[in-house]
Amino acid sequence: MTDTPHDTHHYHPAIDPKRSLSALQIGVQVFGGLIGVGLLVWALSVVFSDENREQLDRALHAPLHLTLSLVGLSALSVILNGLMFWAVARPIRRLHPLSVIGVNAIATFLSVLPAKLGLAIRGLVHNRRDGMPLRDVIAWLAAMSALGLAALVPIGAVSRWRLEIDIVWFALALGGVALTHAMGVGLGKLAARGTLKGVLAIMSLGSYRIVQHPAPVAAHAVLRVADLGFLAVRFLIASSVLQMALPLDQAILL
């Protein structure tokens, strides 16, 4: 695997600051912003409602070790997701892992804002700072989306069917993740060399250049499952903060 040559002149209207926005684009951004602000106000009204006042008071006066645990696990999630992006990018661009983790932290923070600003900033930073051509950025993000579905769909399907955590759940969930990721590698290889090369290559938005390599796909599967595991632990700690009984299997299902 070799580095993709830098292409600092590869611009796209969606992220080129020298290109002015049309009235329609500005209108869409403003509309999205108003929706985001409205949702934020609604969420805050729910949080600070009389019905939730007792739970809010518990959260504000939670033991320090529980609060620090939630903060630490949230930071760990940002790191794990950053490593996912780093590992998946390696077939087309070798980036520094700490750099990708840093960008992921910024994008995660901005993800609460409307109009996919976090996603745009992620692509912009790697395009301008790292010289990553737009076609590679699109292929990278498409690969992350496809692999994310390859992990979440089988786990969600098994959870919906079993409704409990047991040895069968673990076998089917982890086996399903392994199978869907292996299928991704197979489809990537077909897109690169098979008879359906043209169709699959276009449908994949170029992500076949990444997912045809087993190593980054396997790394994503491991990191994604680990991230989901730590997310379950965060549910357990949060329920403890609110003094709610939440069994381990329900935390995993959530």
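A charge sits over a ring if NZ of Lys or CZ of Arg is within 6 Å of the ring centre and within 35 degrees of the ring normal. Keep that in mind for two stops on this tour of a predicted model.

**Whole chain.** Start with the protein in cartoon view. Its secondary structure comes to 11 helices and 0 strands. Of its 254 residues, 34% are buried. Now show contacts with a separation of 6 or more: 68% of them join residues 24 or more positions apart. The accessible area is about 15,000 Å², and carbon and sulfur atoms hold 72% of that.

**Aromatic pairs.** The structure has 2 of these. Select phenylalanine 85 and tryptophan 140. Their ring centres are 5.8 Å apart and their planes meet at 85°, so this pair is edge-to-face. Phenylalanine 85 belongs to helix α3 (residues 64-89) and tryptophan 140 to helix α6 (residues 134-162), so the pair links parts of the chain 55 residues apart. Both residues are buried.

Next, select tryptophan 169 and phenylalanine 170. This aromatic pair is also edge-to-face, with 4.9 Å from centre to centre and 90° between the planes. Tryptophan 169 has 7% relative accessibility, so the residue counts as buried. Phenylalanine 170, at 38% relative accessible area, is partly exposed.

**Charges over rings.** The charged end of arginine 122 sits over the phenylalanine 85 ring, 3.8 Å from the centre. Finish at tryptophan 161 and arginine 162. Here arginine 162 lies over the face of tryptophan 161, 5.3 Å from the ring centre.

How values were computed. Residues numbered from 1 in each chain as written. Predicted model: local features only at pLDDT ≥ 70, side-chain atom pairs only at ≥ 80, totals over all residues. Heavy atoms only, no water. Helix = DSSP H or I, 4+ residues; strand = E, 2+ residues; numbered from the N terminus. Buried < 20%, exposed > 50% of the residue type's maximum accessible area, 1.4 Å probe, protein only. Contact = heavy atoms within 4.5 Å. Areas by Shrake-Rupley, 256 points an atom, 1.4 Å probe, with all protein chains shown as cover. Phe/Tyr/Trp six-rings, centres within 6.5 Å; stacked < 30°, edge-to-face > 60°.
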